[in-house]
Amino acid sequence: MADAAFLACDWGTTNLRAWLVGGDGEVLASRDFELGVARLGPGEAQARFEGEVRPGLGAEGLPAILCGMIGSNLGWKAVDYLPCPAALADLKRELVSVAEGVRIAPGLRGPGIAGAPDVMRGEETQVFGWLHQDAARRKERHVICHPGTHPKWILVENGQIVRFITAMSGELFAVLRKHSVLKSDAEPTDEAAFSAGLEAAEDGSALAARLFTARSRVVAGGEPADSTPSYLSGLLVGAEVASVPRLLGVEAREVVLLGEPSLCALYGRALARLGVATTTHDGEAAALTGLTALQMEA
């Protein structure tokens, strides 16, 4: 087995994924830690990293490269957002040292909608990792969708992230499911209800009005109450995929779905309904590739 060279961490809001990487880029070990920044107290990140993450992978004393919300004002240290357009080399030049041998990647900012900027932190490392997996991708134009709590729609040209737009579909789903008249403990596994939600989304307009159909279809339409989460999921995802790409100024002929496979599958169904082709790629593998490129390449 190769000697360990460094520790790579994708440290998000709810979870930390860490890899012990050898000098040849081989993954020697990996582990998830329930140490998302939302679980950390002020000033706690460094102590938890040194006391739990490093020993958990036998990585004491090794260099470490981190990305994600650990670089936010909720994490270890607030690291600046770099302006778009941006390439992997720009992130590498602006890595911030927070302790001996430990560096955090910056996030990105760009023009959003309604005159406000948009920001991302962590997804950029996955995008650059995906680009790094195939040199041909860095010479082309791509529309990338990264599903999640705050899905990102990202325009990439010639290896650079040019612009992106964030939706709040995942968080909105969680809030409505727990704290509204649509609240339900049922799991969103009803495929027929999800498809009905996609249909109800139409072109994504008037979402606030369409959301009420998740209630009216049950109380006046006879649909089972436990189908509401699946319908709501379809409605939110359907509205997002129908409307957000237009905000980027693109009519996507193909969308790269980059992220957690089950979420990508839902977005693939929604885009297929609109006649948009998709390819799906693993976000975790892309994050590791991006972190490795930041750490190992000159």
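**Cores, sheet, helices and salt bridges**

A8 touches R17, A18, W19, V21, I65, L288 and L291, leaving aside residues up to four places away in sequence; contact here means heavy atoms within 4.5 Å. The model is predicted, so local features need pLDDT of at least 70 and side-chain atom pairs count only at pLDDT 80 or more, while totals for chains, interfaces and linings use all residues. Residues are numbered from 1 along each chain as its sequence is written, and side-chain values use heavy atoms, with hydrogens and water left out.

A8 also belongs to the largest nonpolar core, which has 32 residues; A8, L108, V127, I144, I154 and I161 touch the most other members. Helix 10 gives the most to this core, with 6 residues. Apart from this core lies another, of 26 residues, including F49, L57, L62 and L66. A nonpolar core is a set of buried Ala, Val, Leu, Ile, Met, Phe, Trp, Tyr and Cys residues joined through side-chain atoms within 4.5 Å. Buried means under 20% relative accessible area, exposed over 50%, and partly exposed in between (1.4 Å probe, protein chains only). Helices (H or I, at least four residues) and strands (E, at least two) are DSSP runs, numbered from the N terminus.

Five strands form an open sheet in the order 12-11-10-13-14, with mixed pairing; two strands pair if DSSP finds at least two bridges between them. Strand 12 (160-166) and strand 14 (277-282) stand at the edges, each with a single partner strand, so one side of each has no neighbour in the sheet. From one strand to the next, the twist averages 25 degrees. Strand 11 (residues 152-157) and strand 12 run antiparallel and are joined by 6 bridges. W153 has I165 of strand 12 as its bridge partner.

Helix 8 lies across strand 11 and strand 12, at about 40 degrees to strand 11. Helix 10 packs on the sheet, touching strand 13 (254-259) and strand 14, and its direction makes about 60 degrees with that of strand 14. Axes are lines fitted to C-alpha atoms, for helices over the stretch in contact, and angles run from 0 to 180 degrees between N-to-C directions.

Helix 4 (residues 169-179) has S169, F173, L176 and R177 as its buried residues. Seen down the axis of helix 4, these fall within an arc of 95 degrees, so they line one face of the helix; the arc is that of the directions from the helix axis to the C-beta atoms. What covers them includes helix 6 (207-211), helix 8 (228-247) and helix 9 (261-273). The face turned away from the buried side carries the exposed residues K178 and H179.

Across the whole structure there are 12 salt bridges, each a side-chain nitrogen of Lys or Arg within 4 Å of a carboxyl oxygen of Asp or Glu. R17 forms one with E284, the closest N and O atoms being 3.1 Å apart. This pair links distant parts of the chain, with R17 in strand 2 (residues 16-22) and E284 in helix 10 (residues 283-296), 267 residues apart. R17 is buried at 17% relative accessible area, whereas E284 is partly exposed at 38%. R17, D32 and E284 are linked in a network of salt bridges.
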